[in-house]
Amino acid sequence: MVTAVTSFGRSGLSDWLVQRVSAVILLAYFTTLGFAIGGGVEYAEWKALFEQTWMRIFSLMAILALAAHAWIGVWAVLTDYLTERLMGAKGNALRLTCQILASLLIFVYVVWGIQILWGY
């Protein structure tokens with residue numbers, strides 16, 4: 001039986017489902033923004049939109065969906081290309097290093113987004 005070192009117990013089906021659900025959340029979010037800004041928006045209107053709790057929660061959902069979507073995509077690309085195509089079995093250390101750096105960067109962006117949304 002083959003087990004992926006960095007899968008943390010996930011299956012391909014759960015990754016597929018998370019990526020599809022996160023894509024739908026992002027589509028809904030950016031569609032909502034598109035309708036909200038319509039033909040243009042002034043700063044006061046933009047600020048009033050993002051001061052509403054429902055928009056902040058929706059934005060937080062979009063940030064978390066983007067993080068999940070990005071992590072699965074980065075994991076798939078690094079697993080496919082660094083391990084199998086470029087380096088063979090010796091690419092595991094490089095892949096793990098890249099995955100750690102990518103996860104730290106995604107984490108920083110999530111924290112930064114939360115700070116922008118909920119900070120004053």
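Biologist: Which residues in α1 are buried?
Modeller: In this predicted model, the buried residues of α1 are Asp15, Gln19, Ser22, Leu26, Tyr29 and Leu33.

Biologist: Why would residues spaced like that point the same way?
Modeller: An α-helix has 3.6 residues a turn, so residues three or four places apart point the same way.

Biologist: How many residues does α1 have, and how far does it reach?
Modeller: Helix α1 has 26 residues and spans 37 Å from its first C-alpha to its last. That is close to the 38 Å expected at 1.5 Å a residue.

Biologist: Back to Ser22. Why does it count as buried?
Modeller: Ser22 has a relative accessibility of 3%. The cut-off for buried is under 20%, so Ser22 qualifies.

Biologist: What does Ser22 touch?
Modeller: Leaving out residues up to four places away in sequence, Ser22 touches Ala65 and His69.

Biologist: And what comes just after α1?
Modeller: Gly38 does, and it takes a positive phi of about 45°.

Biologist: Next, α1 and α2. At what angle do they pack?
Modeller: About 140°, with the axes of α1 (residues 12-37) and α2 (residues 43-51) 11 Å apart. The two helices are therefore oblique to each other.

Biologist: Is that crossing left-handed or right-handed?
Modeller: The crossing of α1 and α2 is right-handed.

Biologist: Which residues make the contact?
Modeller: From α1, Tyr29, Leu33, Ala36 and Ile37 take part. From α2, the residues are Trp46, Leu49 and Phe50. Tyr29 and Leu33 are also among the buried residues of α1.

Biologist: Changing topic: where is Arg56, and is it buried or exposed?
Modeller: Arg56 lies in helix α3, which covers residues 53-87. Arg56 is buried, with a relative accessible area of 10%.

Biologist: How far apart are Arg56 and Ile116?
Modeller: They are 60 residues apart in sequence, and their C-alpha atoms are 10.0 Å apart in space.

Biologist: What about α4, how many residues and what reach?
Modeller: Helix α4 runs over residues 92-118, which is 27 residues. From first C-alpha to last, α4 reaches 38 Å, close to the 39 Å expected at 1.5 Å a residue.

Biologist: Which residues of α4 are buried?
Modeller: Arg95, Gln99, Ala102, Ile106, Val110, Gly113 and Leu117.

Biologist: Now the whole chain. How many helices and strands are there?
Modeller: There are four helices and zero strands. Along the sequence the pattern reads α-α-α-α.

Biologist: What share of the chain is buried?
Modeller: Of its 120 residues, 27% count as buried.

Biologist: And among contacts between residues at least 6 apart in sequence, what share join residues at least 24 apart?
Modeller: For the protein chain that share is 68%.

Key. Residues numbered from 1 in each chain as written. Predicted model: local features only at pLDDT ≥ 70, side-chain atom pairs only at ≥ 80, totals over all residues. Heavy atoms only, no water. Expected span 1.5 Å × (residues − 1). Buried < 20%, exposed > 50% of the residue type's maximum accessible area, 1.4 Å probe, protein only. Axes fitted to C-alpha atoms, helices over the stretch in contact; angles between N-to-C directions. Parallel < 35°, antiparallel > 145°, perpendicular 65-115°, else oblique. Left-handed = near helix turned anticlockwise from the far one by under 90°. Contact = heavy atoms within 4.5 Å.
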